[in-house]
Amino acid sequence: MAQQLRAIRTRGAILNAAAEVFAQHGYHGASIAQILDKAQVTRGALYFHFASKEQLVQGIFAQQVTEQGYPPRTYKLQELVDEAMALACRLPQEIMLRAGAKLAMEPQLQELTDGGPWKAWALRFASMVFAAKEHGEVYPHVVPEELGRFLVSSWVGAQIVSEVTSEWEDLEERISSIFAYTLPSVAMPAIFAQLDFGPDRGTRVLAEMRAADAAALVAEPAS
């Protein structure tokens, strides 16, 4: 058990180090030597977990779309908004997401990872739109797959502009604007009136999750 925990910690340290190096230098500018120096592990330890730079990229992309335990909402569209807004809040703070965003801009890595995180997010959003449609929250003309791709394209475009112009300081505001102009043509009027997509929505959702985690720890019986 102790050996397994060490292996998990080592793999995590390598992946975090790779994320830092890729985020700073990009795929081609990053070297294994830089990652080894950042992770403070041996070359053998790195290659035990990741056989190549390509596998490191795959490991980083695998971390982009994960189950974060977002709170369930009355409306499925609100759950979609919450995930998108929380992602906008998290990206400037989390090196793994920043590395994924940078690597996703490398055209040659798209084939390596079957479309990278963009395709995974498009599928994620499409599944949530499909659930919303089954609950009667969106207009009949809405095609989940098309809306999923559109939202990801809009999100990525906003992220790129926000990084260049403000180092992501206005990213949440930009994503909020996407929903403000998109949702009226997607959501049924009675549903739209109850959706919360304010610029600080992601911050509030993440704070709610942290409070729930803290309460769960307090409620755990002492061992």
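Mentor: Let's start with Phe22, which is found in helix α1, residues 2-29. Helices here are DSSP runs of H or I with at least four residues, strands are E runs of at least two, and both are numbered from the N terminus. Keep in mind that this is a predicted model, where local features need pLDDT of at least 70, side-chain atom pairs count only at pLDDT 80 or more, and totals for chains, interfaces and linings use all residues. Residues are numbered from 1 along each chain as its sequence is written, and side-chain values use heavy atoms, with hydrogens and water left out.

Trainee: Is Phe22 buried or exposed?

Mentor: Phe22 is buried, because its relative accessible area is 0% and buried means under 20% (exposed is over 50%, partly exposed in between, with a 1.4 Å probe and protein chains only).

Trainee: And what is Phe22 in contact with, leaving aside its neighbours within four places in sequence?

Mentor: Its partners include Tyr27, Ile35, Leu56, Val57, Ile60 and Leu103. Contact means heavy atoms within 4.5 Å. Lys53 and Lys102 also touch Phe22.

Trainee: How far is Phe22 from Pro72?

Mentor: They are 50 residues apart in sequence and 34 Å apart in space, C-alpha to C-alpha.

Trainee: Switching topic, how many helices and strands does the protein have?

Mentor: There are twelve helices and zero strands. The C-alpha atoms fill a box of roughly 60 × 50 × 30 Å, taken along the principal axes.

Trainee: What share of the residues is buried?

Mentor: Of the 223 residues, 45% count as buried. Among contacts between residues at least 6 apart in sequence, 69% join residues at least 24 apart.

Trainee: Which residues have the most contacts inside the largest nonpolar core?

Mentor: Leu77, Leu80, Phe125, Trp155, Ile175, Phe179 and Leu195 do, in a core of 36 residues. The elements giving two or more residues to this core are α5, α6 (95-103), α8 (116-134), α9 (144-166) and α10 (171-182), and α5 gives the most, with seven residues. A second, separate core of 25 residues includes Ala19, Phe22, Leu36 and Ile60. By nonpolar core I mean a set of buried Ala, Val, Leu, Ile, Met, Phe, Trp, Tyr and Cys residues joined through side-chain atoms within 4.5 Å.

Trainee: Nice. What about Leu80, where does it sit?

Mentor: Leu80 is in helix α5, residues 76-90, and is buried at a relative accessible area of 2%. Beyond residues up to four places away in sequence, Leu80 touches Phe125, Met128, Val129, Leu151 and Phe179.

Trainee: Which residues of α8 are buried?

Mentor: Among them are Trp121, Phe125, Met128, Val129 and Ala132. Ala132 lies 52 residues from Leu80 in sequence and 9.2 Å away in space, C-alpha to C-alpha. Just after α8, Gly136 takes a positive phi of about 75 degrees.
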